[in-house]
Amino acid sequence: MGAEQPETIAAIVAAHRAGTMTPAQTIARTYQRIRDHNDPAVFISLRDEKDAVAEAEKLSAKDASLPLYGVPVAVKDNIDALGFPTTAACPAFSYTPAHDSTAVERLRAAGAIIIGKTNLDQFATGLVGVRSPYGIPRNSIREDLVPGGSSSGSATAVGAGLVPLSLGTDTAGSGRVPAMLNNIVGLKPSLGMISNAGLVPACRTLDCISVFALTVDDAALALSVMAGPDQADPFSRDRPLQPLTPPPANLRLGVPRNGQLIFFGDKKAEAAYGDALKRWTALGAKLVEFDLEPFYETARLLYEGPWVAERYLVIKNLLASAPDSIHPVTREITAAGARLTAADTFSALYRLQGLRKIAERTFANIDALVLPTAPTAYTTAQVLANPIELNSRLGTYTNFVNLLDLCGLAVPASMRADGIPFGITLLAPAGRDAMLASIGRVFHADTKLTVGAKGVARPPLAPLPASDGDDIPIAVVGAHLSGMALNGELTTLKGRLIEATRTAPDYKLYALKTTPPKPGMLRVEAGTGASIELEIWSLSSSAFGKFVNAIPAPMAIGTVRLADGRSVKGFLVEPEVLGEARDITAYGGWRAYVKEAATT
């Protein structure tokens, strides 16, 4: 398991494309590592190895352009994945989903192979990782420490080198605290950027699916694959993801006023944070003091205010019918939600709105905040002896983030002399995800830390793709989709996949008699068509010109209306060729049609 083996997503995909390692070999290696790691508490359910290897073997040369070509992925067990039960770490709650969550569907479409569902603090309630009937996953860095929660299994799976990518969720810090405790990257996107369709909610208004990876570039890549609006999720938002860029020349980072930071007596954590700030200064950032107190006040609202009622709504039936099936700590926290009134809720919402305005002013002259991810670290024994207070302490710098609609990126900062990892989190207003990744990747590289727990050297920073700043989006619906026959025409022109989304319900889709097979999409009278799946790619203006110039009749480029109201240039068909074409609108997209055609 040394540094000579590809460990990051980027290295694994490069090895697959070069043929030095096959996707099937990578999947087999994953299962061997799971056996060697020998911790039954990491996964709640694990896919049969032969089945996963067989899927990897089916990936062909045409799939090599997929961004996650043959990458093994673990999924937190409160996110639906077809073929696995969803338990939320509560056997009495378990159900079998009929289809993938949108996030998992998009990962699979990008070439990822789902290998298992990971353990969590039951119903995603906790930051410690010890509240599960399926056991306590071992912290990958120091076995006496809590793994961090609620995304304990997902974080330890990446930290231990079992998979290079996993999905967590984050309501109060569950995508960030376990990242610090396992020396990995935790990316908490802007609310609504990744669809929550197929997620068992903790707090529906605050939840987001998060990403664990070994590097910021890997995490940003995974986000780019999953990001994009989704009609199936009413909380989904259209928040286009910008590309990574060099850090701004005059980066301004917010640090709390003197005396406002809390470390609960952990002098080593305090020193590590001071060292991280020195590193930022050496990298050219200007540190600007801000008032952290309104953020602390926001954090108190999360568990002292009405948002606990959202957690109660998820499990109220189970609380009534089988209370003993719920972890006692989870039960104690959640049951309090039943006692909250509508007046309590509105009172808290009014206060929160005022605090959001204060946060907006804070960011007026600051690019991002830089805070400790957690103030300290605790052992499993300490947390079991004092479960609620110590859990609460771990959320000191995370509980306010989703309430204030911020995006966050947790990155490793140092390894303390006592072997406990320390990390920082960058926070910014929603929509600045790419900016956080752009600065966080440089900081992480500068630490020279190994990644995860296996002593694997951090790869040098990859050069950013050149952009002339005038990229043009284009919608594709057929053979140019990722993994399809003509996708190489886009990747050869250095096209980037921006998002997978759908049209407005004003289109019909036809299978044309062409070689290779292609669909034609026709605009029809509003409301008489259907919503068709598509992908939006981005091309430089010169590449866009070359691409459009090469498009043969009867295809044409026109304006395509998307489900969320946006308009984008994309493929349409000339109507006179549709006489011999088959209407395949009912399939909802070319992928579904091709999949069925292959089996008949």
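Modeller: Two strands are said to pair if DSSP finds at least two bridges between them. Strands here are DSSP runs of E with at least two residues, helices are runs of H or I with at least four, and both are numbered from the N terminus.

Colleague: What kind of model is this, and how are its residues numbered?

Modeller: It is a predicted model, in which local features need pLDDT of at least 70 and side-chain atom pairs pLDDT 80 or more, while totals for chains, interfaces and linings use all residues. Residues are numbered from 1 along each chain as its sequence is written, and side-chain values use heavy atoms, without hydrogens or water.

Colleague: How do you know that β5 and β6 pair?

Modeller: Strand β5 (residues 185–188) and strand β6 (residues 208–213) are joined by three bridges. They count as a pair because at least two bridges are required, and their sense is antiparallel. Within this pairing, Leu-187 stands opposite Val-211, and Val-185 stands opposite Ala-213.

Colleague: What joins β6 to β4?

Modeller: Six bridges connect β4 and β6, again in antiparallel fashion. One of the facing pairs is Asp-170 with Cys-208 of β6.

Colleague: Where do these strands belong in the sheet order?

Modeller: They are part of an open sheet of eleven strands, with mixed pairing and the order β1-β3-β2-β4-β6-β5-β10-β11-β9-β7-β8.

Colleague: What makes β1 and β8 edge strands?

Modeller: Strands β1 (43–46) and β8 (286–290) each pair on one side only, and these are the edge strands of the sheet.

Colleague: Why is β6 described as largely enclosed?

Modeller: A residue is buried under 20% relative accessible area, exposed over 50%, and partly exposed in between (1.4 Å probe, protein chains only). Six of the six residues of β6 are buried, so the strand is largely enclosed by the rest of the structure. In a regular strand, side chains alternate between the two faces of the sheet. In β6, Cys-208, Ser-210 and Phe-212 point one way, whereas Ile-209, Val-211 and Ala-213 point the other way, and all are buried.

Colleague: Why is Asn-183 called buried?

Modeller: Asn-183 has a relative accessibility of 3%, and therefore it counts as buried. This residue is found in the loop between α6 (177–181) and β5. Leaving aside residues up to four places away in sequence, Asn-183 touches Ile-141, Pro-412, Met-415, Pro-421, Leu-449, Thr-450, Val-451 and Gly-452.

Colleague: Why is Arg-300 classed as partly exposed?

Modeller: The relative accessible area of Arg-300 is 38%, so the residue is classed as partly exposed. Arg-300 has its place in helix α9 (residues 293–304). With residues up to four places away in sequence again excluded, Arg-300 touches Glu-293 and Gly-305.

Colleague: What makes β15 and β19 edges of their sheet?

Modeller: Three strands form an open antiparallel sheet in the order β15-β14-β19. β15 (518–523) and β19 (582–583) each have a single partner strand, so one side of each is left without a neighbour in the sheet. Strand β14 (residues 507–512) pairs with β15 over six bridges, in the antiparallel sense. Among the facing residues, Leu-509 has Met-521 in β15 as its bridge partner.

Colleague: How do you know that the radius of gyration agrees with a compact globule?

Modeller: The radius is taken over C-alpha atoms, and the globule rule is 2.2 Å times the number of residues to the power 0.38. For 600 residues a compact globule would have a value near 25 Å; the protein chain has 24 Å, and therefore agrees. Its C-alpha trace spans about 75 × 60 × 50 Å along the principal axes.

Colleague: How many helices and strands does the protein chain have, and what share of its residues is buried?

Modeller: The chain has 18 helices and 19 strands, and 58% of its 600 residues count as buried. Of the contacts with a separation of 6 or more, 75% come from residues 24 or more positions apart.

How values were computed
Contact = heavy atoms within 4.5 Å.
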